[in-house]
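Subject: Structure handover

Hello,

Here is the structure for you to look through. My notes on it follow below.

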Amino acid sequence: MINSLIHSMIVCPDLDKQYARLTHGKGVYVFDETGKRYLDGASGSAAVSNIGYGIPEIGEIFREQSAKIVVTPAHGFSSPVVEAYLDKLVQFAPEGFKRAWTVMSGTDAVENAIKLAYQYHQIKGNVERYKVIGRWSSYHGNSIFTLDVGGMKLRRATYERWMNNFPHIPPAYAYRKPAEQSLEEYSKSCSDALEKCILEEGPETVAAFVFEPVVAAALGAVPPPDEKYLREIRRICTKYDVVMIADEILTGFGRLGENFGLDRWNVKPDIIAAGKGISGGYYPLSAVIANSNICKVFEDSKTPFLGGHTFACSPLGAAIGSFVIDYMQDMKINSHAARMGELFLGQLERLYKYDIVGDVRGAGLLAGVELVRDKSTRSPFPPALTLSKRIGERSIDKGVILYPGKGSVNGYEGDHIMITPPLILDEDHIETIVSTMEICIEEVQEEIKELVA
Ligand SMILES: Cc1ncc(COP(=O)(O)O)c(C=O)c1O
């Protein structure tokens with residue numbers, strides 16, 4: 001249908017489908033060439049357009065910065081716009097964070113965060129520490145390395161021969177905990193799994209643990225099971241000198257109503273990988289931010305980080321990123337997102353009236369709805385039914401963009417819908433999203449009755 005495109009899983013995946021062609025966006029809306037308006041409940045793909053579409057000042061910044069300088073021979077020079085931005089980014093991070101480096105995508109940020117952790121150990125003489133522990137049903141990026149550290153079985157499957165270099169622990173997924181366990185017991189069993197894994201692998205071989213504070217696309221907005229879980233993870237990482245890397249690509253920059261998602265639980269990692277909302281989608285920008293313990297090892301040994309990309313520390317990215325932080329602070333985006341997030345999650349509970357809605361969950365403006373065949377057993381629908389996709393397509397027809405996902409039960413089965421609207425939305429937008437979801441779920445519930453009978 002589209003002549004020159006390599007259809008990817010994320011860019012117009014259905015070869016036979018005629019996709020609506022978007023031409024512009026404004027605020028929480030995007031518009032196609034026929035003038036049809038869509039409320040972007042996904043914020044790009046996904047959770048990127050946190051501050052909304054079509055902010056005119058950003059055009060000015062592009063114009064000004066590109067007239068000055070867009071790239072530097074970084075091996076021999078620094079740049080004031082980059083220096084000022086990195087200082088601002090470090091200030092934006094929790095106390096104790098000291099240095100930052102920008103790259104282009106979330107995948108780059110996570111991969112470089114892991115390389116930084118690995119090199120940190122190498123410099124310290126921990127030369128056998130190379131393993132990276134991840135969690136099943138997490139997404140950390142689409143390079144072979146980050147797919148391997150991540151735990152999305154569907155996305156890993158094709159590349160299986162290049163995979164399985166690293167251990168994984170369970171995802172800490174309260175809705176699917178064993179029925180006989182209390183939430184507290186379950187939470188403890190999930191954090192204990194990290195310690196057990198480190199001991200089994202041998203602490204002297206483990207470099208880092210990587211996790212999403214709230215599991216986003218892979219599970220559909222699953223927060224930690226309780227208040228203790230992340231504190232336990234912090235304690236265990238410290239105990240074994242395992243570098244704790246928070247993948248805040250999706251949870252950072254106001255998504256949970258705080259600068260970074262972990263701020264919500266008052267837990268500080270050693271390295272943060274940030275992306276998506278860092279530029280609001282106006283530039284391909286991401287960052288690695290490290291605390292002073294990590295930095296000190298490099299400083300004391302006068303060793304540079306062995307990372308390098310043509311567009312690392314881009315002056316243009318720095319100018320845009322700097323604007324985004326100022327804008328978020330001036331417009332009080334975080335407190336608005338926190339308030340709207342509570343309202344949104346409360347309104348989404350209306351969906352429990354449908355037989356196929358098993359769980360409504362999330363944190364801030366990162367919300368998820370899990371769809372089940374049977375609420376009492378929590379069993380999923382057959383994947384061939386493409387349930388979440390059906391709901392997502394209907395919703396687009398009705399002018400609301402959602403983010404359908406699959407594989408939440410075991411990596412292959414299970415349907416969920418993630419909703420990550422721009423953080424600037426208001427009560428009316430929330431009502432539009434939730435009421436459209438009500439209509440779509442009701443219609444699809446009817447439609448599939450015969451198919452699963
Ligand atoms: C938690 C998380 N980490 C990493 C990534 C990868 O980011 P990118 O697609 O920018 O490479 C994503 C993207 O969805 C993500 O959600």
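First, some terms: two strands pair if DSSP finds at least two bridges between them. Strands (E, at least two residues) and helices (H or I, at least four) are DSSP runs, numbered from the N terminus. The model is predicted: local features need pLDDT of at least 70, side-chain atom pairs count only at pLDDT 80 or more, and totals for chains, interfaces and linings use all residues. Residues are numbered from 1 along each chain as its sequence is written.

The sheet

Four strands form an open sheet with mixed pairing, in the order S1-S2-S3-S13. Its edge strands are S1 (22–26) and S13, and each pairs on one side only.

Take S2 (residues 29–32) and S3 (residues 37–40). They run antiparallel, joined by three bridges. Valine 30 sits opposite tyrosine 38 in S3. The two strands make a hairpin, with four residues between them. In that turn, glycine 35 has a positive phi of about 95°.

Now S3 and S13 (residues 400–401). These pair in the parallel sense, over two bridges. Aspartate 40 has isoleucine 401 in S13 as its bridge partner. Leucine 39 stands opposite valine 400 in S13.

The ligand

The ligand is surrounded by 15 residues. A residue counts as near if its C-beta atom, placed from the backbone, lies within 6 Å. The closest are Ser105, Gly106, Thr107, Ile249 and Leu250. Helix H4 (residues 106–124) gives the largest share of this shell, three residues.

Best wishes
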